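Here is a short tour of one protein model. Keep the sequence and the 3D view side by side as you read.

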Amino acid sequence: MSKEIIHVYLMPGMAASPKIFEYIKLPDNQFEVHLLEWFIPLKNETISAYALRMTSEIKHDNIVLLGVSFGGVLVQEISKHITVRKLIIVSSVKSTNELPKKMLLAKTTMAYKLLPTQLMGNIELLAKYAFGSEVTKRLELYKKYLSVNDSSYLSWAIKEMVCWHQETYQPNLVHIHGDNDAVFPIKYISNCITIKGGTHIMIINKYKWFNENLPSIILEN
């Protein structure tokens, strides 16, 4: 009797391409991986409404949802619209309490409204904002991981990330976080699987850990 195939949907981080998952390999006798991509939001669209639209890209039931960074916020919103068997976030936050102080300050002062203009056309700044400061040393390598440089998307994404409000999270959510994450510092994060030396881009440069551990994380009750 063949094993049930578990469908795993992967959502990249802000402005990032699904190429960030190029090294993620799960046993194909157990799992089938599907890559989600950002699309341009509608005018004044809430993240909840955007998440509902994204569900049209999900073609299976009882799936595993994994999101990285802002994609981790989005998969939490998607999970409010559909039933998932496992919800996993990587290098992300699961409540407003885990946002760093600089983001909370940006929300209070509305400084986030200035950022998209600065990011447009500045690939180095966009890469640094999307992946963290560690990418600047190898910028050419990481350019391929950026797919969205649209002003309406960037304005929306930055606002929705900074202004995201969630006080409680699903108790069975799995949070994987690096102890050297410069975007979402570990000191603000609770109840997570901590990856030693993991940065904000660990889905790319610590892919071996994910390939070794994701199957058991997905299968555990």
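## Ground rules

Buried means under 20% relative accessible area, exposed means over 50%, and partly exposed lies in between (1.4 Å probe, protein chains only). This is a predicted model, in which local features need pLDDT of at least 70, side-chain atom pairs count only at pLDDT 80 or more, and totals for chains, interfaces and linings use all residues. Residues are numbered from 1 along each chain as its sequence is written, and side-chain values use heavy atoms, with hydrogens and water left out.

## A buried loop residue

Start with Thr-96. Thr-96 sits in the loop between strand 4 (84–90) and helix 3 (101–109). Helices (H or I, at least four residues) and strands (E, at least two) are DSSP runs, numbered from the N terminus.

Is Thr-96 buried or exposed? Its relative accessible area is 12%, so Thr-96 is buried. Which residues does Thr-96 touch? Leaving aside residues up to four places away in sequence, Thr-96 touches Leu-104, Trp-164, His-165 and Gln-166. A contact here means heavy atoms within 4.5 Å.

## The nonpolar core

A nonpolar core is a set of buried Ala, Val, Leu, Ile, Met, Phe, Trp, Tyr and Cys residues joined through side-chain atoms within 4.5 Å. The largest one has 72 residues. Leu-65, Phe-70, Ile-88, Phe-131, Tyr-153 and Ile-176 touch the most other members. Helix 7 (residues 151–162) gives this core its largest share, 7 residues.

Look at Ile-88. Among the residues Ile-88 touches, not counting those up to four places away in sequence, are Val-64, Leu-65, Val-174, Ile-176 and Leu-214.

## Two positive phi angles

Most residues other than glycine have a negative phi. Asn-62 has a positive phi of about 50°, although it is not a glycine. Asn-62 lies in the loop between helix 1 (47–54) and strand 3 (63–68). With a relative accessible area of 38%, Asn-62 is partly exposed.

Asn-191 also has a positive phi, near 50°. Its place is the loop between strand 5 (174–178) and strand 6 (193–195). Asn-191 is exposed, because its relative accessible area is 59%.

## A residue in helix 9

Asn-213 belongs to helix 9 (residues 207–219). Asn-213 is partly exposed, with a relative accessible area of 24%. Its side chain reaches the backbone oxygen of Trp-209 at 2.8 Å.

How many residues apart along the chain are Asn-213 and Leu-26? They are 187 residues apart, and their C-alpha atoms are separated by 9.7 Å.

Note on methods: A polar contact is a pair of N or O atoms within 3.5 Å; within protein, one must be able to donate a hydrogen and the other to accept it, and residues adjacent in sequence count only if both atoms are side-chain atoms.
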